[in-house]
Amino acid sequence: MSVSSESEVSGEGDWQDLESDNESITILSLFDAKTFASTGDMLKHCKEQHDFDLISVIHRLQLDFHGSIKLVNFIRSNVKDGKPVVAKDITVGDFSDEKFLKPVLENDALLFSLDEILEEQQDGQDVGVAQLSGEALAVKNKELEEELEALRSQFANYRLAVEQTLDKRWGDENEPGPSQATEKKDNSNYYFESYAEHEIHETMLKDAVRTNAYRDFIYENKDIFKDKVVLDIGCGTGILSMFAAKAGAKQVIAVDKSDIIAKAIENVFNNGLSSVITCLKGAIEEVVLPVKEVDIIVSEWMGYCLLYEAMLPSVLYARDKYLKPDGILAPSSATIWMAPVADPEYIADHISYWRDVYGFDMKAMQAGIYDDCRIQTMPESCLCGEPYPFKVLDLHTVKVEELQFTASWESKTTRDVDELDGFLIWFDNFFATSRSEPMPEPTCTPEQWNKRKEGNVAFTTGPQSTETHWRQGLLIAPPSEESSKVPAGTKITGDIRFQAAEDNVRALLLDVNWTVGERKKTSRSWKLK
């Protein structure tokens with residue numbers, strides 16, 4: 001409803017004329033299609049014809065204004081879905097979900113009258129005929145929107161001080177003290193807070209490789225999802241939950257500790273899926289699910305180099321606690337790859353560059369330049385050796401303690417190179433249609449997996465395929481002290497270790513040792529933080 005601007009209303013006479021033209025507000029019954037010119041008449045009708053006294057229920061449950069709004073929307077939602085509503089059986093828990101703050105009816109005049117009804121009841125007055133002018137209705141609507149936004153902010157149970165820098169939040173500013181020496185620091189607050197921002201979700205949703213893989217697996221296997229209970233861990237905007245609901249799931253439970261859950265609730269409501277999808281705010285280890293077990297767990301838990309961010313342990317916790325013995329995880333397995341790299345152009349642009357910057361030597365800028373794992377999209381041409389699948393995770397059976405590991409790897413150079421510049425790491429993800437389906441072999445490619453069985457889906461984050469938001473992990477190594485030329489066919493062997501950082505369990509340390517041909521062994525560590 002439009003509201004006249006101040007420039008269109010001038011003088012007291014004009015204002016009085018505007019008021020005199022107001023149309024009465026139409027209030028729809030809670031239980032049928034009848035409409036009324038006043039709230040009092042509507043409530044009287046519900047009491048006499050449907051044995052439902054709204055004011056009595058509000059008093060019995062001791063509801064405030066917001067609670068009363070949720071009650072009305074709960075009633076309208078149940079009536080819309082054909083579910084019975086019995087006054088004496090209603091409890092506060094029935095409409096505790098924040099979704100019931102969203103009006104079921106557009107411009108529901110009853111909601112705009114609730115505060116006046118409550119005030120009149122509190123003063124011992126009869127329920128009046130609370131009619132609002134068009135302008136008052138718009139003002140009340142704006143107030144409701146502001147109150148809803150304020151309520152959302154109250155649900156956030158964490159906020160780090162804005163003056164903290166990213167390094168300080170991740171625990172890199174100070175050396176660990178005595179109390180930190182024996183346990184690893186969990187910076188989960190910053191982790192979850194970062195996922196409240198819209199940009200990160202836009203990036204993930206626009207990653208077509210990622211999002212299409214989940215959509216294709218769910219939509220191409222509707223027989224698996226039909227009438228099933230699905231758990232979505234780290235639901236974000238709710239996209240995977242909505243895929244599952246559209247595929248025929250009986251119930252979907254979407255869980256996220258980030259404040260983005262408020263947007264997921266709105267997205268679910270706006271797409272008419274509130275009757276199927278229940279959104280819960282909190283860590284999966286802390287929330288109480290409305291079911292004892294689920295048929296399927298879907299989750300987009302993967303981080304850079306697969307295990308960065310350490311979200312997989314939460315998925316495994318839910319697997320062990322809620323997933324049925326024959327239930328499935330999507331994805332169901334993952335393979336991590338590694339290959340040697342030689343890319344003189346990249347080294348010139350990002351490493352050697354500092355030795356001649358407009359004629360000045362800025363070697364000071366090279367301090368620590370080899371310490372961090374770089375997240376880059378690299379061309380396949382940068383690979384100078386055969387890729388090696390050094391770790392395969394069966395997500396149906398892997399244990400949390402197995403996520404920190406040491407694995408052997410090997411390769412053979414495929415071309416002559418003047419210098420071995422480092423290594424590239426990426427991963428493949430596989431979606432299986434049943435728990436009994438054999439795991440993909442370590443060397444199995446996504447293309448091979450997709451052709452193996454109808455309904456199978458897989459994708460890669462490697463340099464040989466379409467770019468994803470995960471890109472690849474690039475480990476740049478300092479030049480070798482020995483003769484640097486490496487001919488084609490040279491064997492390279494070594495070990496790689498994945499472990500959580502001491503100062504932040506969500507960060508990752510990558511320790512690699514390698515031997516090129518007959519040279520001595522080289523070792524180096526990289527941080528991914």
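**Cores, loops and a strand pair**

Modeller: This is a predicted model. Its largest nonpolar core has 92 residues, and those with the most contacts inside it are Phe225, Leu231, Ile277, Leu289, Phe498 and Trp514. Another core, of 32 residues, lies apart from it; Ile25, Leu61, Ala87 and Leu110 are among them.

Biologist: What makes Ala249 count as buried?

Modeller: Buried means under 20% relative accessible area. Ala249 has 6% relative accessibility, so it counts as buried.

Biologist: Where is Ala249 found, and which residues does Ala249 touch?

Modeller: Ala249 is in the loop between helix H12 (239-246) and strand S4 (251-256). Leaving out residues up to four places away in sequence, Ala249 touches Phe225, Asp227, Lys228, Val230, Ala244 and Val276. Ala249 and Phe225 are 24 residues apart along the chain, and 5.2 Å separates their C-alpha atoms.

Biologist: Why is Asp227 called partly exposed?

Modeller: The term covers values between the cut-offs of 20% and 50%. The relative accessible area of Asp227 is 48%, so Asp227 is partly exposed. Asp227 is found in the loop between helix H11 (222-225) and strand S3 (229-233).

Biologist: Why is Gln62 called exposed?

Modeller: Exposed means over 50%. Gln62 has 72% relative accessibility and therefore counts as exposed. Gln62 is in the loop between helix H3 (54-60) and helix H4 (65-80).

Biologist: What is the phi of Gln62, and what is the phi of Asp227?

Modeller: Phi of Gln62 is near 55°, a positive value, and Gln62 is not a glycine. Asp227, also not a glycine, has a positive phi of about 60°. Most residues other than glycine have a negative phi.

Biologist: Which peptide bond is cis?

Modeller: The bond from Ala330 to Pro331 is cis, with omega near 5°. Most peptide bonds are trans. Pro331 lies in the loop between strand S7 (323-330) and strand S8 (333-341).

Biologist: How do you know that S11 and S15 pair?

Modeller: Two strands pair if there are at least two bridges between them. Eight bridges join S11 to strand S15 (residues 491-501), so the two pair. They run antiparallel. Phe405 stands opposite Phe498 in S15.

Biologist: Which residues of S11 are on the covered face, and which on the uncovered one?

Modeller: Strand S11 (residues 405-412) has Phe405, Ala407, Trp409 and Ser411 on its covered face. Thr406, Ser408, Glu410 and Lys412 are on the uncovered face. In a regular strand, side chains alternate between the two faces of the sheet.

How values were computed
Residues numbered from 1 in each chain as written. Predicted model: local features only at pLDDT ≥ 70, side-chain atom pairs only at ≥ 80, totals over all residues. Heavy atoms only, no water. Buried < 20%, exposed > 50% of the residue type's maximum accessible area, 1.4 Å probe, protein only. Helix = DSSP H or I, 4+ residues; strand = E, 2+ residues; numbered from the N terminus. Contact = heavy atoms within 4.5 Å. Core = buried A, V, L, I, M, F, W, Y, C linked by side-chain atoms within 4.5 Å.
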